[in-house]
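Please read this briefing alongside the sequence and the coordinates shown below.

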Amino acid sequence: MRSTGDVAVVIPARNESDRIEATVAGAAGLPGVDLVIVVDDGSADDTAERAGRAGATVLRHSRNRGKAAAMETGAEAVRLLETTDAPPGAHRARHLLFLDADLGDTASAAGPLTEPVRAGDADMTIAVFTERIRQGGHGLVVGLSGAGIERATGWRPAQPLNGQRCLTRAAFDAARPLARGFGVETAMTIDLKRKGLRITEVEVPLAHRATGTDLRAQLHRARQLADVAWALAVRL
C-alpha cells in the first residue's frame, strides 16, 4: 500500500465478478487514491477473488448484510489500516470515496468527485451521471427519495440515490449510524444537510449496468423502496 494519497475507495460488492476487476483498476488510478477496499457482501460467485487479483484489499461478509453494513465495514477497515500502518504521530484520516461495484471501466472517470472534498470546498459530493441508462421502474424510488429529502431539508438533489459519493472522514462519522440497506444515501443526505455540512453535486461520466424488468430486478427495487421509505419515516 502506498502512503502518499489522501483518498481511500470503498466498494461494496455482491455477485459482481464480471465487473469488479475493471472497477477496482479504474478506482486505483484515481488522483489521490492509495487504498482500494472491496467489501464482498455475501457473494455466491468469485467477486472476492477477482477483486483481490485486481489489487484491492478484500473483506468478506459471510452472509449478505446490506449496502450500509458493507460501507461501515469498509470505512472501519480504512481507519484501522491508517492507525496500524502510519508511523507514530503521522496518522491522518483519508477522505472516503464510495463507488458501486458495477461501474466497470467508467470508474476511472470518478476523479472529479474527490476534488471539492480534497480542496476543502465540500464535506460531501454526490455524483450526477452524465451517461444515463434507462432503468426499468426505477423512477418510483428516486421520486420518493428526492421528495423526502426536499421535505426534510428544502433541497432536492438531482440523483438522490446515487451511491457514488466522496466524504471527509468527519462527515462520514457525522452520518453514523447509517440507515439500513438501500436507505443509506437518502438518510446520509438528510442527516448531513440538517447538521449544516456542505454538499456539492458533481457531474461525472460514470454508468451502471442497465437494470431489467424481470422478477429479480423488481424484487431489488421493492427492497430499495422499503429501505428508503423506512429511512424517511424515521427522519420525517
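Arg-169 lies in helix H6, which spans residues 169-175; helices (H or I, at least four residues) and strands (E, at least two) are DSSP runs numbered from the N terminus. The model is a predicted one, in which local features need pLDDT of at least 70 and side-chain atom pairs count only at pLDDT 80 or more, while totals for chains, interfaces and linings use all residues. Residues are numbered from 1 along each chain as its sequence is written, and side-chain values use heavy atoms, with hydrogens and water left out.

- Arg-169 counts as buried because its relative accessibility is 8%, where buried means under 20% relative accessible area, exposed over 50% and partly exposed in between, with a 1.4 Å probe and protein chains only.
- A polar contact of 3.3 Å links the side chain of Arg-169 to the side chain of Glu-82 (a pair of N or O atoms within 3.5 Å; within protein, one must be able to donate a hydrogen and the other to accept it, and residues adjacent in sequence count only if both atoms are side-chain atoms).
- Leaving aside neighbours within four places in sequence, Arg-169 is in contact (heavy atoms within 4.5 Å) with Val-78, Arg-79, Glu-82, Ala-93, Arg-94 and Leu-96.

**Strand S4 and the sheet**

- Leu-96 belongs to strand S4 (residues 95-98), from which Leu-96 and Phe-98 point one way and His-95 and Leu-97 the other, and all are buried.
- Strand S1 (residues 7-13) runs parallel to S4 and is joined to S4 by four bridges, with Val-7 opposite His-95.
- S4 is also joined by three bridges to strand S6 (residues 165-167), and these two run antiparallel; the bridge partner of Leu-96 in S6 is Leu-167.
- Seven strands form an open sheet with mixed pairing, in the order S3-S2-S1-S4-S6-S5-S7, where two strands pair if DSSP finds at least two bridges between them.
- The edge strands, each pairing on one side only, are S3 (57-61) and S7 (199-204).

**Helices H5 and H7**

- The axes of helix H5 (residues 139-153) and helix H7 (residues 184-194) come within 10 Å and cross at roughly 15°, the axes being lines fitted to C-alpha atoms, for helices over the stretch in contact, with angles from 0 to 180 degrees between N-to-C directions.
- That angle makes H5 roughly parallel to H7, since angles under 35 degrees count as roughly parallel, over 145 as roughly antiparallel, 65 to 115 as roughly perpendicular and the rest as oblique.
- Where H5 and H7 meet, the residues of H5 are Ser-145, Gly-148, Ile-149, Ala-152 and Thr-153, and those of H7 are Thr-186, Thr-189, Ile-190, Lys-193 and Arg-194.
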